[in-house]
Amino acid sequence: MRLLNKLLASFENSPGGFSARKLTAFAFAACAVYLQWKHANADNVPTLVLIDAATALLCLGIVTAAELIKLRGGSDSKE
């Protein structure tokens with residue numbers, strides 16, 4: 001019941017709810033689990049896991065889009 005109250009409070013501007021970042025990351029993770037359950041095979045699992053992890057980290061704000069672009073481009077993070 002407490003979880004449901006916090007979930008409903010997050011749609012209001014009250015301080016008792018979950019943060020939008022956490023809700024977004026949770027919703028994405030739930031969709032990713034479902035899609036991998038239905039459509040993943042041995043050939044595309046590593047790619048799907050990397051995409052899912054990057055998107056979850058992006059939703060939580062742990063990494064930024066600029067950092068992902070640098071990582072994909074192979075540039076050094078030290079400046």
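Analyst: Happy to! Ala-56 has its place in helix H3, where helices are DSSP runs of H or I with at least four residues, numbered from the N terminus. This is a predicted model, in which local features need pLDDT of at least 70, side-chain atom pairs count only at pLDDT 80 or more, and totals for chains, interfaces and linings use all residues. Residues are numbered from 1 along each chain as its sequence is written, and side-chain values use heavy atoms, with hydrogens and water left out.

User: Why is Ala-56 called partly exposed?

Analyst: Buried means under 20% relative accessible area and exposed over 50%, with partly exposed in between (1.4 Å probe, protein chains only). Ala-56 has 22% relative accessibility, so it counts as partly exposed.

User: Which residues does Ala-56 contact, leaving aside its neighbours within four places in sequence?

Analyst: Those are Ala-25 and Phe-28, with contact meaning heavy atoms within 4.5 Å.

User: What makes H2 roughly antiparallel to H3?

Analyst: The axes of H2 (residues 20-39) and H3 cross at roughly 165° and come within 8 Å. Angles over 145 degrees count as roughly antiparallel, under 35 as roughly parallel, 65 to 115 as roughly perpendicular and the rest as oblique, so H2 is roughly antiparallel to H3.

User: How do you know that the span of H3 agrees with its length?

Analyst: The expected span is 1.5 Å times one less than the number of residues. For the 16 residues of H3 (residues 45-60) that gives 22 Å, and the end C-alpha atoms are 22 Å apart, so the two agree. Gly-61, with a positive phi near 85°, follows H3.

Definitions and conventions:
Helices (H or I, at least four residues) and strands (E, at least two) are DSSP runs, numbered from the N terminus. Axes are lines fitted to C-alpha atoms, for helices over the stretch in contact, and angles run from 0 to 180 degrees between N-to-C directions.
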